[in-house]
Amino acid sequence: MADITLEGEARNEFGKGAARRMRLAGFIPATIYEGGNEPAFVKLPQKEATLAMRHANALIEIKYGKESKLAVAREIQRNPVKRTIEHIDFYEVHAGEKVEVEVPVFIEGDPKGAAVAFVDVQNLTVRADVSNLPENITISVEGLVEGDHVFAKDVKLPENAELVIDDPEESIVSVMIPAEEEAPAAPAAAPDEATESTEEE
């Protein structure tokens with residue numbers, strides 16, 4: 001059922017120092033939240049976990065010791081400079097359960113003429129079965145013209161998935177012709193050197 005399987009280990013060390021040692025040893029510290037229960041603390045192989053996180057909303061089976069849990073990544077903490085993963089928060093899910101996830105929006109195709117498509121909402125909240133969570137939402141703008149919009153109610157989702165949004169008329173993608181930038185004004189000519197004269201008394 002899972003899209004990806006990660007085999008890790010339980011961890012019992014905490015804090016920045018312990019996390020740094022884990023990363024140097026080739027592991028990423030992670031936490032699996034389980035509803036109202038105590039979270040599980042694990043460390044995952046760095047290479048495999050990093051590759052897994054390239055797939056948004058992937059259903060992941062995490063094995064550690066004699067335990068095995070189905071989970072979806074909820075938050076990924078990255079190094080602000082290197083962009084390497086420093087910690088992952090997961091939440092446990094169960095077969096047949098529906099959950100809400102954030103799904104990035106992409107566009108494909110080309111509008112007509114000089115029109116350009118703009119994504120107004122970068123991520124949409126979608127409620128779907130854990131076995132069918134979308135990795136992204138791709139909206140076609142092929143043939144659209146200036147002034148066209150793709151509204152929330154027009155977004156096509158996988159079967160049995162629903163959009164969680166307050167206003168179905170909210171614009172998700174808009175098509176317009178970018179305003180031409182005015183050429184910068186030429187710099188003012190430097191004034192000639194002052195030729196002040198003083199009257200001799």
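## Fold and basis

Helices (H or I, at least four residues) and strands (E, at least two) are DSSP runs, numbered from the N terminus. On that basis the chain has 2 helices and 13 strands. The model is predicted: local features need pLDDT of at least 70, side-chain atom pairs count only at pLDDT 80 or more, and totals for chains, interfaces and linings use all residues. Residues are numbered from 1 along each chain as its sequence is written, and side-chain values use heavy atoms, leaving out hydrogens and water.

## Burial and contacts

Of the 201 residues, 35% count as buried. Buried means under 20% relative accessible area, exposed over 50%, partly exposed in between (1.4 Å probe, protein chains only).

Take contacts (heavy atoms within 4.5 Å) between residues at least 6 apart in sequence. Of these, 61% join residues at least 24 apart.

## Two asparagines with positive phi

Asn 57 is not a glycine, yet its phi is positive, about 65°. Asn 57 sits in the loop between helix H2 (46-52) and strand E4 (60-64). With a relative accessible area of 12%, Asn 57 is buried.

Asn 160 also has a positive phi, near 70°. Its loop runs between strand E11 (149-151) and strand E12 (162-163). Asn 160 counts as exposed because its relative accessibility is 56%.

## Asp 120

Asp 120 lies in the loop that links strand E8 (116-119) and strand E9 (123-129). Its relative accessibility is 37%, so Asp 120 counts as partly exposed.
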